[in-house]
Amino acid sequence: MGVSAWLIWKRLDSRLRGNDKRIKIALGIFLGQLVLNTLWSIIFFGLNSPGGALIEIVFLWLAILATIVAFYKISKPAAWLLVPYILWVSFAMYLNYAIWTLN
């Protein structure tokens, strides 16, 4: 995740003025999904709410997808670096669902 964001951040410093707004939006989406990532842990572990965490992880998954799409328009390697992350969150979503249904 960090290397992916760094590749995008590096483009901001490259003085490609036409892409500044797109890069800032992509980094904003990245920060948004990072906040959602943190919130999932708080909801699932801190509040002991698998149902609430399941709803939240769906939004996290969508935010990661939006990040991948935004990053792909700027740097294909940065987008591809996030694929293992979305796969992991997909598996975590399945586990979250299983825990929710078993309780």
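**Note on a helical model**

1. The protein has five helices and zero strands. The model is predicted. Along the sequence, the pattern reads α-α-α-α-α.

2. Overall dimensions. The C-alpha atoms of the protein fill a box of roughly 55 × 20 × 15 Å, with the box taken along the principal axes.

3. Surface and burial. The protein has 103 residues, and buried residues make up 36% of them. Its accessible surface comes to about 6400 Å². Carbon and sulfur atoms own 73% of that surface.

4. Two helix pairs are worth a look. Two packed helices are described by the angle between their axes and the distance between the axes. Both values are given below for each pair.

5. H1 against H2, geometry. H1 covers residues 2-12, and H2 covers residues 20-46. Their axes come within 9 Å and cross at roughly 155 degrees. Angles over 145 degrees count as roughly antiparallel, so H1 is roughly antiparallel to H2. H1 passes H2 in a left-handed crossing.

6. H1 against H2, residues. Which residues of H1 make the contact? They are Ala 5, Ile 8, Trp 9, Arg 11 and Leu 12. H2 contributes Asp 20, Ile 23, Lys 24, Ala 26, Leu 27 and Phe 30. The residues of this contact divide into eight nonpolar, no polar and three charged.

7. H2 against H5, geometry. H5 covers residues 83-102. H2 and H5 pack at an angle of about 25 degrees, and their axes are 13 Å apart. Angles under 35 degrees count as roughly parallel, so H2 and H5 are roughly parallel to each other. The crossing of H2 and H5 is left-handed.

8. H2 against H5, residues. On the H2 side, the contact is made by Gln 33, Asn 37, Trp 40 and Phe 44. On the H5 side, Tyr 85, Asn 96 and Ile 99 take part.

9. The pairs side by side. H1 and H2 have axes within 9 Å, while the axes of H2 and H5 are 13 Å apart. The H1 contact with H2 includes three charged residues and no polar ones.

How values were computed:
Residues are numbered from 1 along each chain as its sequence is written. This is a predicted model: local features need pLDDT of at least 70, side-chain atom pairs count only at pLDDT 80 or more; totals for chains, interfaces and linings use all residues. Side-chain values use heavy atoms; hydrogens and water are left out. Axes are lines fitted to C-alpha atoms, for helices over the stretch in contact, and angles run from 0 to 180 degrees between N-to-C directions. Helices (H or I, at least four residues) and strands (E, at least two) are DSSP runs, numbered from the N terminus. Angles under 35 degrees count as roughly parallel, over 145 as roughly antiparallel, 65 to 115 as roughly perpendicular and the rest as oblique. A crossing is left-handed if the near helix is turned anticlockwise from the far one by less than a right angle, and right-handed if clockwise. Contact means heavy atoms within 4.5 Å. Ala, Val, Leu, Ile, Met, Phe, Trp, Tyr, Cys and Pro count as nonpolar, Asp, Glu, Lys and Arg as charged, and the others, Gly among them, as polar. Buried means under 20% relative accessible area, exposed over 50%, partly exposed in between (1.4 Å probe, protein chains only). Accessible areas come from the Shrake-Rupley method with a 1.4 Å probe; for residues, only the protein chains shown count as cover.
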